[in-house]
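Good morning, colleagues. May I ask you to look at the structure on the screen while I describe a few of its elements.

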Amino acid sequence: MSSILINNLPHVAKSYTAKTDDQKSEIKFLLGYEHESTAQATLKSSLTKLFSSLLVHEKIYISSSDLGLISSAIGINDTLALMRENIFSVIGSAQSPCISIGEDTLRVSWITPVKDIYAHTEAILKQVPTTSAKDIKQALYLMEYNLSPISDEEIIKKTRKELEYDLSNSTLRSELRITTESIDNVHPKNVAVISRLTNLLNGLLTQEALGISDISLDGYSHTYLNRKISISQTLPNASTSAFERILEVKAIPDILNLYLHKTISIEDIISLRNSISGKIFRKWYESTDYNQEEIIKTLVKQKKEKGISKFIRFLYPNIAGIVNPILGPIASAADSFIIEKLLSGWSPSLFLDDTLKKTLDIKIEKQLREQQIESTKSRFGDIRRNDVCPCGSGKKFKKCHGSNL
């Protein structure tokens with residue numbers, strides 16, 4: 001199953017003061033790493049990848065903190081709609097990496113704001129505008145059925161070890177312009193970058209622990225990974241990035257922008273995702289048999305090619321479960337005949353051109369028409385249909401500028 005961990009949403013750097021468990025003393029710490037001035041631009045870039053992932057991946061993994069950010073960005077109702085479709089899986093960790101502030105040192109640490117993941121998520125969702133107690137109850141109920149348990153202790157241990165290794169590497173420190181040499185003594189000028197690296201490593205190790213196939217990263221994270229590993233290796237986020245390139249090459253409108261401008265709704269996106277063509281597309285796209293360039297080359301073709309047959313051979317054992325989810329891969333002979341007929345005319349571009357692009361074009365045309373009608377009504381609202389059109393053409397209003405009303 002194709003899956004992705006969203007790990008590039010911006011968490012604005014803020015300082016906090018909290019009581020210890022015994023309530024006898026206070027601790028100070030810094031959470032986040034994004035500067036407030038760049039947060040909105042980063043958020044839009046992150047949401048672009050999230051919306052592309054809705055069409056590419058079966059499952060999208062997010063932290064409870066990111067569930068709050070997503071809910072604030074797209075609204076709690078649309079977030080709940082995605083949760084009801086079992087698209088989102090919340091990672092069962094209430095631990096947050098931070099920089100603890102001592103009397104004379106800054107050090108990498110982890111903090112547990114509340115007792116468990118449910119209380120943590122509830123506290124976060126309470127901060128989301130227009131979110132009711134009923135909404136939060138629904139979110140917690142849905143989260144329980146799509147929760148991905150994980151060992152916090154193991155992830156923290158491995159993250160600390162990996163970060164210590166990186167900071168001990170003078171060459172890597174030099175290339176990343178980091179002066180900090182120890183996680184127990186963070187240089188004040190490196191607080192943001194060390195926080196970012198800790199979040200990145202935490203995400204990569206979470207991805208590995210849960211067996212998630214892809215991870216969405218920000219630009220700095222890619223720079224870091226390019227320095228750390230051979231560039232010839234496949235970097236994370238390749239599948240979603242390839243899909244975004246394909247949309248650009250095929251001149252398919254930006255899905256997030258259409259959503260933000262209310263041209264399409266979250267229900268439209270879910271409908272595209274749940275279409276037979278959309279499901280087949282995701283099954284084909286998750287294949288590891290073909291590299292990114294071959295995928296792009298295949299998808300930008302307009303006509304069915306002979307080479308498509310090899311993708312059909314890949315799909316055939318998996319497609320029965322899409323057409324008949326009850327019988328699955330042991331579908332009857334009748335089902336197999338239907339499947340064969342279905343696939344005989346299918347190519348990946350059918351989803352991109354005949355389903356995705358066509359749907360988006362229809363939605364855009366509908367919105368433009370509605371805007372034109374509203375504009376005409378605002379200008380000629382007191383003109384009756386059989387009156388002469390004010391434009392001077394001599395035609396009746398209903399045959400001229402009122403023809404779309």
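**Helices and sheet**

Helix 2 and helix 3 are oblique to each other, a class that holds the angles left over when under 35 degrees counts as roughly parallel, over 145 as roughly antiparallel and 65 to 115 as roughly perpendicular. Helix 2 (residues 64–74) packs with helix 3 (residues 76–84) at an angle of about 125 degrees, the axes being 6 Å apart. Helix 2 contributes Leu 67, Ile 70, Ser 71 and Ile 74 to the contact, and helix 3 contributes Ile 76, Asp 78, Thr 79, Leu 82 and Met 83; contact means heavy atoms within 4.5 Å.

A word on the source. This is a predicted model, in which local features need pLDDT of at least 70 and side-chain atom pairs count only at pLDDT 80 or more, while totals for chains, interfaces and linings use all residues. Residues are numbered from 1 along each chain as its sequence is written, and side-chain values use heavy atoms, with hydrogens and water left out.

Five strands form an open, parallel sheet in the order 8-5-4-1-9, where two strands pair if DSSP finds at least two bridges between them. At the edges are strand 8 (147–149) and strand 9 (214–216). Strand 1 (residues 3–6) and strand 4 (residues 59–62) share three bridges, and Ile 4 has Ile 60 as its bridge partner in strand 4. Helix 2 lies across strand 1, strand 4 and strand 5 (88–92).

How values were computed. Axes fitted to C-alpha atoms, helices over the stretch in contact; angles between N-to-C directions. Helix = DSSP H or I, 4+ residues; strand = E, 2+ residues; numbered from the N terminus.
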